[in-house]
Amino acid sequence: MQILINEVSDKMDKSISALKNAFNKIRTGRANPAILDDIKVDYYGNMTPINQTSNISVEEGRSLVISPWDKNLIPEIEKAILSSDLGLNPSTSSDLIRLTMPALTEETRQDYIKQAKAEAENSRVSIRNVRRDANQSAKEKQQASEISEDEQRRIEDLIQKETDRYILIVDTELKNKESDLLEI
């Protein structure tokens, strides 16, 4: 019984991790190096994430500074950032690339909030799917006479408590992301 609950928790933890990762990629007015995680550059013939070719740091809260280890990569990194859908314009000075986060308009804030809500809903669906699979597993064990009906009900109650706990985490993460997006 405890093994099943632990599996449920592990799978639901993965849903929360995926949600946090998705939220990191939604741009706010503040600079966050995670928004560059999906951007790849041609690094000696391999498409490599920028964060594996450069140091990325936050400067003054609203700017990212990219310092490539190989200075020949600067044009490649600029091109990759410009072709991404982030809407950022890199400015280069000698061996650094600066990305200033433009202030969000009300329209873009609302678009990002919609995107965050969609990611949160995907996470809730994922958590509910874990619950459904675990309940099905408990039902199959009961039908195979491995556990009693009372044990099945107890397991389903525990699974529901875990589900409620993780849905609350999703709601809290969404609320935090919305407040970040609405912050001026």
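The legends below describe close-up views of a predicted model.

**View 1. Lys175 on helix H4, a helix of 34 residues.**
Lys175 is found in helix H4, which covers residues 149-182. At 1.5 Å a residue, the 34 residues of this helix should span 50 Å, and the end C-alpha atoms of H4 are 49 Å apart, which agrees with that expectation. Lys175 has a relative accessibility of 58% and therefore counts as exposed. Although Lys175 and Ala116 are 59 residues apart along the chain, their C-alpha atoms are separated by 9.6 Å. Arg153, also found in helix H4, is partly exposed, with a relative accessible area of 45%. The C-alpha atoms of Arg153 and Ser126 are separated by 22 Å, and these two residues are 27 residues apart along the chain.

**View 2. The buried residues of helix H4.**
The residues of H4 that are buried are Gln152, Ile155, Ile159, Glu162, Thr163, Tyr166, Ile167, Val170, Leu174, Lys177, Glu178 and Leu181. These buried residues pack against helix H1, which covers residues 2-24, and against helix H3, which covers residues 106-143.

**View 3. Helix H1 and its buried residues.**
Within H1, the buried residues are Leu4, Ile5, Val8, Ser9, Met12, Ser15, Ile16, Leu19, Ala22 and Phe23, and they pack against H3 and H4.

**View 4. The contact of H1 with H3.**
H1 and H3 pack with their axes 10 Å apart and at an angle of about 170 degrees. Angles over 145 degrees count as roughly antiparallel, and H1 and H3 are therefore roughly antiparallel to each other. On the side of H1, the contact is made by Leu4, Val8, Lys11, Met12, Ser15, Ile16, Leu19, Ala22 and Phe23. H3 contributes Ala116, Glu119, Ala120, Ser123, Ser126, Ile127, Val130, Arg131, Ala134, Ser137 and Ala138 to this contact.

**View 5. The contact of H1 with H4.**
The axes of H1 and H4 cross at roughly 10 degrees and come within 10 Å. Angles under 35 degrees count as roughly parallel, and H1 and H4 are therefore roughly parallel to each other. From H1, the contact is made by Leu4, Ile5, Val8, Ser9, Met12, Asp13, Ile16, Leu19, Lys20 and Phe23. From H4, it is made by Ile155, Leu158, Ile159, Glu162, Thr163, Arg165, Tyr166, Ile169, Val170, Glu173, Leu174 and Lys177. The residues of the contact of H1 with H4 divide into 14 nonpolar, 2 polar and 6 charged.

**View 6. Ser9 in helix H1.**
Ser9 has its place in helix H1 and, at 13% relative accessibility, counts as buried. When its neighbours within four places in sequence are left aside, Ser9 is in contact with Glu162, Arg165 and Tyr166.

Helix H2 covers residues 74-83, and its buried residues are Ile74, Ile77, Ala80 and Ile81. They cover an arc of only 130 degrees around the axis, which puts them on the same side of H2. An α-helix has 3.6 residues a turn, so residues three or four places apart point the same way. What covers the buried residues of H2 includes strand E1 (40-43), strand E3 (54-59), strand E4 (63-68), strand E5 (90-93) and strand E6 (96-100). On the face of H2 turned away from this buried side are the exposed residues Lys79, Leu82 and Ser83.

Most residues other than glycine have a negative phi. Tyr44, however, has a positive phi of about 55 degrees although it is not a glycine. Tyr44 lies in the loop between E1 and strand E2, which covers residues 46-49, and with a relative accessibility of 66% it counts as exposed. Ser94 likewise has a positive phi, near 50 degrees, in a residue other than glycine. Ser94 is found in the loop between E5 and E6, and at 68% relative accessibility Ser94 counts as exposed.

Methods: Residues numbered from 1 in each chain as written. Predicted model: local features only at pLDDT ≥ 70, side-chain atom pairs only at ≥ 80, totals over all residues. Heavy atoms only, no water. Helix = DSSP H or I, 4+ residues; strand = E, 2+ residues; numbered from the N terminus. Expected span 1.5 Å × (residues − 1). Buried < 20%, exposed > 50% of the residue type's maximum accessible area, 1.4 Å probe, protein only. Contact = heavy atoms within 4.5 Å. Axes fitted to C-alpha atoms, helices over the stretch in contact; angles between N-to-C directions. Parallel < 35°, antiparallel > 145°, perpendicular 65-115°, else oblique. Arc of directions from axis to C-beta. Nonpolar A, V, L, I, M, F, W, Y, C, P; charged D, E, K, R; others polar.
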